Amino acid sequence: MIAVIGLLLGFLISALFLIQGKRRSNGGEEKKQSSNESEKSKPKSYSKSEVAVHNKREDCWIIIKDKVYDVTSYVEEHPGGDAILDHAGDDSTDGFFGPQHATRVFDMIEDFYIGQLRE
């Protein structure tokens, strides 16, 4: 009986790792594709007014240190709830580097990079 429970737990844990690995590998492939595309062409640039129109839950761009990120797909997952919308379409640098964020967000944000802020 204990052996059967151990096998079931092992199977469930393995399945979870496979699912997580598949999610990460798919994201990695997309990231590689966009990296290849950006190597071929210069990153897009956006004016502050172009970014400003993307200020809603369904269309959310933010600026962090003169880089533009489309975080629309992350809004619902944001652990801080709607705080991510406080500066939607605007500069979120101060909030992003606040004490509430763990260091892993610095790696995660690059998945959402779409271009540079034009001066």
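The protein chain contains 4 helices and 5 strands, taken as DSSP runs numbered from the N terminus (H or I of at least four residues for helices, E of at least two for strands). This is a predicted model, in which local features need pLDDT of at least 70 and side-chain atom pairs count only at pLDDT 80 or more, while totals for chains, interfaces and linings use all residues. Residues are numbered from 1 along each chain as its sequence is written, and side-chain values use heavy atoms, with hydrogens and water left out.

Along the sequence, the pattern reads α-β-α-β-β-β-α-α-β. Of the 119 residues, 23% are buried, meaning under 20% relative accessible area with a 1.4 Å probe and protein chains only; exposed is over 50%, and partly exposed lies in between.

I turn to strand pairing, which requires at least two DSSP bridges between two strands. Strand β3 (residues 59-64) runs antiparallel to strand β4 (residues 67-70), with 4 bridges joining them. Within this pairing, Trp-61 faces Asp-70 of β4. The β3-β4 hairpin has 2 residues between its strands, and Lys-65 there adopts a positive phi near 50°. Strand β4 is also joined, antiparallel and by 3 bridges, to strand β5 (residues 113-117); here Lys-67 has Gln-116 of β5 as its bridge partner.

Why does Asp-94 count as exposed? Asp-94 does so because its relative accessibility is 70%. This residue is located in helix α3 (residues 93-96).
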